[in-house]
Amino acid sequence: MTTAKTTPHTGITLRYRLLRGFGWLTAAVCAFLLATFLLASLFVHQLIQEQFRTLGITDASWTVTALSHQQVRLNDIQFRYRLNNDDAKDDPKDENTLAVHIHSLRLNFHWQGATWRSLPVLEQMSMSGVEVTLNQLPHQILAQLPPSTRVGSDATEPQEPPTLQQALSLERIAHELSTFHWLAEQWQIDLEDLTLAFPCTDVNDEICTLNAQINANYHHAQQASLAVMLAPNDLVNPQSQLRLAIKLDEQNKTIAIDWRQPELFNAPFTVALQSDSIEFAGQLRLELKDWLADLHASPSRQPLLQVLERWHLAAFSPTALESLQGRISDMQAQLAQQLIAQLPLQPLQTAILSSQLNTEFSGRLPWPTIVAENDAQLHVDSQLRMPLGPNSLLQSTLALTHESALINLVLEAEPETLHALRDTISQQRPDHADMLLSLQTTTPLQLQLRAASEFDFIAFIHSLVTDTSGDDVAALFTQAFLDVQLELNDFPFQHQEFGASRVRGQTQLRLPLVQLLDNEAELNIALPAPTEFNIDLERWTIDDETQLQHVQLSSQVRQFQLDRSAPLKSQMSANVAVKIREITHPSLLPQAWSGNLAIQPQLDQAGTHHLVGDIENQAGLLARYSTLLALDEMLREPAATFAFDWQLEDIFLIAGNPLAHTLVDWPELLTLERGRIQAQGQLSYASSAPDSPLQITATLRLGDLVGIYDVSAFRGLNAEFDATMNAEQLVVSTEQLRLLSLQQGFLIGPIEAGFRYQADVADPLTGKLELHHNQVQLFDGRVNLRNQVYDFSAEQLLLPVEFDALNLAALLTQYPVSDFTGSGLLSGVIPIRLGKTGIFVDNGTIQALPPGGQLRYSSEALAGYAASNVSMRTLMSVLENFHYDLLSGAINYYDDGTLELQLSLQGQNQELENGRPVRLNLVVQENLPALLTSLQLTNQVNKVIEERLQQRLLRQR
């Protein structure tokens, strides 16, 4: 047997052929597998596309960058989503679609069973660079959505919406998520850099964008969280953003909102909704010039509209935005109108529009359904700055807690600001320009207001939510008050009419909140302590003749009721005290005065007050006054009249005469010793009568006055005078004046008279006297002055004095001649002529009334002379018992005081020569002033009269 011998070359060839055959087999298998995978991929891709179409997704494309049994990475994912999934054809230009472009997508998952033989379950999904583009305005797309897909709508029968607690229930969320079988019991979804692009308007091609980030976590129905960040793509103000964070677990549920909006807040506004409470914090910034900006002129200045523009809300709901803009415009117009009406002064309007408000607030409030008010917290710090000038401002701070509120307001106005305000007021009120322009100051005005209230805000919120009837809310406000303290610094100023003056004041108020918050209700302001307001004036110039020196005025307000619709009709109860060191007036003696004024509201007349007061001087003169004052009518009516009734406190002269120590024109020679003086009347001031705005009416009553005028003593003076005086005229009248007696050497009286006297105030002694009636009893007879008008301004005044039935016996009784007696009744007329050089009587007449009378004269001094003189002896014999039946004569009085009486008598002495008729002519001359002085010194007279008479006699020597 022959054996073939194998060579090495033959083995190598065999192995090569085997390897080449295996390679071809492997290549064939790989080709088959690749073909199978490609076919499967195409099938899966087609299947996915069909599924996408049923969901409204078209034109889907992506690139797989990594693939494993637990992870897939895709890049450049693009598709279009049809918002209204109907039978419309696929059209890239379909406006009812949105385009989505995802730059990167990563999916982490695990398999529910063995790998490749079960369905995958998502564990984590991360997306970045997501771009969503809308072809239409959002509000147009929302309008086209079917009702079942709109937010808050349901095509089926409406159901009761779940409560917040139900919506945040992990059991509810787990039940809802159980329908998504591709979600694991623990998963995470991260969406970074989401951009939503949409047309801003349908007018141009401008595109608006919103940026968002979304992070969601879920863990075995035990924990869940959602974080959303949304921000407008705004290069001008990129800080605007809104963050929402929801965290849920078995014990706690929290919704946190973080809103960053520089137009509104200095710091992020945060709200946290927890299971048992609400927590919030923020810093608000407000500039009135922006909030009250004219929307038609510059709508972009309005902060709220700026926010709406930043977030492109006009693209989502232009109708709502226009409505909101209209409401804002109407509200601003009303505020501007009220601002102009209430504060017509331009500097105040400018100051308000320049105000800045910064508020920092935070708090923790329990849910109203949970009684945990002790855990509540509320804190608000607010500051308002209103610049009034370069160095002046009004600064207000508000500190608010859950159980109290505190307001502190400080006004600091530099002199420059006050002067600017003064100039503005003088321009708008030119009738007061002179008075205002003279106001000067070098001291800042400082006004501080502090208000505090104890109010349970938590109980209020609880009642507001739980009490449907509102009774608990009303009860809280009814029992709550706001306590206010107001203090004005000691503010000095200079004024042309007041000189160096100062003002200061302080008050404490208690305001009921229920009335304070109701704009329609009147505000009853309680005063725990009287409001004090003090003014010190160096002087007060009333008019050209009247000036008050060193006036101190202090007021105390006890009650105040504010009528917010008409502030001048508000009502108050107050007391005012005034002290005046001296009143300068031509008719008043300089001395100190003081007074009090009580102000009470008239309940039946809104805005009208009853003023009752008194004023007293150092001499003891006390006057009381009262009036009804309607301040609204006085300021509104240019021709308003201010009038008040006055009454002197009864003056009992036995205690002194304050009138003599008050009036400059009080007669120096008039002394009142006893009696009673009463006076009352009305004083009115009418601005419509610039020539005589001041008018006084008075009634003066004199009761049983006893006194002295010059050297004449009187007693029993009773009278009632009516007087009227204005700037031009003085009128005094009486219907009944009665004087019991007048002693001026002779006893005169009683005296009765009625008259009316009218004179110019500038010259009160040269008026006209109209006598109605007058009668004087003298020597048991009557004397009267003829009833007519007497003009005291004439060069000479004739006073025809008529006397009737004067008893000669009574006259001779008072005449200081003891050896001369007589009887009979005398009548006549004495024409007294008053001139600038003195008093005269020319050819007065006297005659005896029938049947005549008797004269007896017996003088030891003339008896010796009559013994040697026949004629004298005959005359003395006749006059020893002379019966006259005729008596007539003439009376003259000269400027040297000589009274001359020329008498002619006819009669007889029955005891002489059988009663032969005798005619006697007598001339009697007497110095009347000396006679009266002699008579007064002879009688017992008052010491004052005696001293005056003696001084007069000394001057005559």
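Aspartate 842 is partly exposed, with a relative accessible area of 35%; that label covers values between buried (under 20% relative accessible area) and exposed (over 50%), found with a 1.4 Å probe and protein chains only. This aspartate 842 forms a salt bridge with arginine 833, and their closest N and O atoms are 2.7 Å apart. A salt bridge here is a side-chain nitrogen of Lys or Arg within 4 Å of a carboxyl oxygen of Asp or Glu.

Please keep in mind that this is a predicted model, where local features need pLDDT of at least 70 and side-chain atom pairs count only at pLDDT 80 or more, while totals for chains, interfaces and linings use all residues. Residues are numbered from 1 along each chain as its sequence is written, and side-chain values use heavy atoms, leaving out hydrogens and water.

**The whole protein**

- Of the 957 residues of the protein, 35% count as buried.
- You can find 19 helices and 42 strands in the protein; these are DSSP runs numbered from the N terminus, with helices being H or I runs of at least four residues and strands being E runs of at least two.
- The protein exposes about 56,600 Å², and carbon and sulfur atoms supply 56% of that area; accessible areas come from the Shrake-Rupley method with a 1.4 Å probe, and for residues only the protein chains shown count as cover.
- Among contacts between residues at least 6 apart in sequence, 52% join residues at least 24 apart, where contact means heavy atoms within 4.5 Å.

- The structure holds twelve salt bridges, and side chains of opposite charge can pair when their charged atoms come close.
- One of them brings together the side chains of arginine 504 and aspartate 536, at 3.1 Å from N to O.
- Arginine 504 sits in strand β18 (residues 499-512) and aspartate 536 in strand β19 (residues 523-541), so this pair ties together parts that are 32 residues apart in sequence.
- Arginine 504 is partly exposed, with a relative accessible area of 27%, whereas aspartate 536 counts as buried at 17% relative accessibility.
- Another salt bridge joins aspartate 804 and arginine 782, whose closest N and O atoms are 2.8 Å apart.
- That pair links distant parts of the chain, with aspartate 804 in strand β35 (residues 797-807) and arginine 782 in strand β33 (residues 781-785), 22 residues apart.
- Aspartate 804 is partly exposed, with a relative accessible area of 31%, and arginine 782 is partly exposed too, at 41%.

**Nonpolar cores**

- The largest nonpolar core has 75 residues; such a core is a set of buried Ala, Val, Leu, Ile, Met, Phe, Trp, Tyr and Cys residues joined through side-chain atoms within 4.5 Å.
- Residues with the most contacts inside this largest core include Phe79, Ile102, Leu105 and Phe455.
- Leaving aside neighbours within four places in sequence, leucine 105 is in contact with residues including Val72, Leu74, Ile77 and Met127.

**The disulfide**

- The structure holds one disulfide, which means a pair of cysteine sulfur atoms within 2.5 Å.
- This disulfide joins cysteine 200 to cysteine 208, with 1.7 Å from S to S, and both cysteine 200 and cysteine 208 are buried.
- The link of cysteine 200 and cysteine 208 is right-handed, with 120° about the S-S bond.

**A covered helix**

- Helix α6 (residues 303-310) is mostly covered, as six of its eight residues are buried.
- After α6 comes histidine 312, whose phi is positive, near 55°.

**Strands and hairpins**

- Strands β8 (residues 241-249) and β9 (residues 253-260) run antiparallel and are joined by eight bridges; two strands pair if DSSP finds at least two bridges between them.
- β8 and β9 form a hairpin with three residues between them, and isoleucine 246 has isoleucine 255 in β9 as its bridge partner.
- Strands β30 (residues 729-744) and β31 (residues 746-760) run antiparallel with twelve bridges.
- The hairpin of β30 and β31 has one residue between the strands, and glycine 745 takes a positive phi near 85° there.
- β31 also runs antiparallel to strand β32 (residues 763-778), with ten bridges, and a hairpin joins β31 to β32 through two residues.
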